[in-house]
Amino acid sequence: MGLNEKPLSTLHEKASYDLGDFEVPTGREEAWRFTPLSRLKGLHNGKAATNGQVVTQAYTPEGVRAEWVGRDDERIGKAYVPADRVSAQAYTTFEKALVVTVPKEAEVTGAISIEIKGRGGDGAAYGHIVVVVEPLAQATVVIEHEGTAVYADNVEFVVGEGATLKVVSLQEWDHDAVHVSHHHAQLAKDATFKSFVVTLGGDLVRLSPSVSYTAAGGDADLSGVYFADAGQHLEHRLLVDHSQPNCKSNVDYRGALQGEDAHAVWIGDVIIRVEAEGTDTYELNRNLILTDGARADSVPNLEILTGEVAGAGHASASGRLDDEHLFYLQARGIPYDEARRLVIRGFLGQLVEKIEIGEIRDRVLNAVEAELAR
C-alpha cells in the first residue's frame, strides 16, 4: 500500500505500510529532535540484526480468544498505518502477530494479560498485537514489559460500536532495554477507550499512543505516569485525531525526574478537523524535577480546523517541589525526606488511583516508592 499524505495543515502528515516511504531520521526532524538516535541500537536505520529474543504470552479469561496469525491475516493493519520509520520497520519485520478477540456483548470479568519479556540477544526484535473488542463488549487488558531487549512493536486496539476497552501498559524493563512502540486505538460509534501508561524502566523508551474515531460519540481517556532516573530517556508522544463529530478526549500525563541526565519528553498533539463539530477535548502534562541535571521537555499542540467545538484546551507545567508544601508538612513534625516523599506520592498518586485493578495499582505505587528510595 502506498504513501498516505494528509493535508499539510495537520500535525502528522505521513503514514504508510512501506518502509521505503520513510527516510532514515537524522535527528533534525520535528518528530525525532528530542530522541537520542545513537541509543536506538539501529531500530531507526535498519542496521539492527533481527536476532533479539522477546517472548510474548497471552492469558485470557473464558470466552476471550487469543491466536497467533501470519502477516496475511486481514485484521492486521486494519486500524493503524505506520506513521514513522521505526513503526514501519516493525510492521514489515514481525513474523507472527497476536490477535485477541472479545466477542460481541461479552462482559469479561477478569483482565486479559499480555506479558512481553525480553531475553536479551545481540539484535532487535519486532512484534505486532491486535486487540478487537466487538460491539457492546467490555474488557480490560494489561500489557506488561520486562527484561532486557531492543524491541519495536505496533499495538492496535479496535473498539467496536458501544464497546468499552480499558488498557494498562506497564514498562518495567531492565536498565539497558530499548523500546519503541506505537499504540493506536480506533473507536467506533459510542465506543469508550481508557488507557493508563506506566513507564519506569529501560534505558530509552519511546511510546506513541494515538486515537482515531470512525463515527460520532467516541470517548477516549489517556493517562500516564513516568519516573526518569539518571541517564534514562522516557518519551511519550500522543496524538488524538478528531475527525468525527461529537467525540471526546482527555489526556493527563504526569512525571517525576531525578538524577544527572534524566530526560523526559512529552508531546501531546490534538487535531480537530473541519468535520469534527462538537468535539470536547483537553490535554495536560505536569513534571516534577527533583534534582539538578534532570530535564523535562513538554510540548502540547492543539490544531483546530472548525469553529464549532464544545471545548478545547491544553496545559503544561514543569517545576520543582513546592517549598510551601514541604514547609507545611515539616511544620507539623514530618521530617524533610518523608515530607518530600508524601508530596511526590500525592502528585503521581492522584493519577495512579485511576487504575481500577487493585493488584496493578498497588504494584505501581510500590514501584514509585522504590524510585523515591533511591
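1. Basis. In this predicted model, local features need pLDDT of at least 70 and side-chain atom pairs count only at pLDDT 80 or more, while totals for chains, interfaces and linings use all residues. Residues are numbered from 1 along each chain as its sequence is written, and side-chain values use heavy atoms, with hydrogens and water left out.

2. The sheet. Nine strands form an open sheet with mixed pairing. Their order is β4-β5-β7-β9-β11-β13-β15-β17-β19. The edges are β4 (65–69) and β19 (295–304), each of which pairs on one side only. From one strand to the next, the twist averages 10°. Strands here are DSSP runs of E, at least two residues, and helices are runs of H or I, at least four residues, numbered from the N terminus. Two strands pair if DSSP finds at least two bridges between them.

3. Strand β17 (residues 263–272) pairs with β19 in the parallel sense, over ten bridges. D269 stands opposite N301 in β19. Helix α1 (residues 85–93) packs on the sheet and touches β7 (125–133), β9 (150–159) and β11 (178–187). The direction of α1 makes about 85° with that of β9. Axes are lines fitted to C-alpha atoms, for helices over the stretch in contact; angles run from 0 to 180 degrees between N-to-C directions. Contact means heavy atoms within 4.5 Å.

4. S113. This residue lies in strand β6 (residues 112–119). S113 is buried because its relative accessible area is 15%; buried means under 20%, exposed over 50% and partly exposed in between (1.4 Å probe, protein chains only). Leaving aside neighbours within four places in sequence, S113 is in contact with Q57, A58, Y59, V142 and E144. S113 and T140 are 27 residues apart in sequence, and their C-alpha atoms are 8.7 Å apart.

5. Aromatic pairs. The whole structure holds four. Rings of Phe, Tyr and Trp (its six-membered ring) pair if their centres lie within 6.5 Å; planes under 30 degrees apart count as stacked, over 60 as edge-to-face and the rest as tilted. Y91 and F94 are edge-to-face, because their planes are at 70°, with centres 6.1 Å apart. Both Y91 and F94 are buried. Ring pairs link Y17, Y91 and F94 into a cluster.

6. A tilted pair. F157 and F193 are 5.6 Å centre to centre, with 35° between the planes. F157 is in strand β9 and F193 in strand β12 (residues 192–199), 36 residues apart. F157 is buried at 2% relative accessibility, and F193 at 3%.

7. Charges over rings. R206 lies over the face of W32, at 3.7 Å from the ring centre. R71 lies over the face of Y91, at 5.8 Å. The test is NZ of Lys or CZ of Arg within 6 Å of the ring centre and within 35 degrees of the ring normal.

8. Salt bridges. There are 20 in the whole structure, each a side-chain nitrogen of Lys or Arg within 4 Å of a carboxyl oxygen of Asp or Glu. R363 and E172 form one, with the closest N and O atoms 2.5 Å apart. The pair links helix α4 (residues 358–372) to strand β10 (residues 164–173), 191 residues apart. E235 and R237 meet at 2.9 Å, N to O. E235 is buried at 0%, and R237 at 13%. R65, E67, D73 and R75 are linked in a network.
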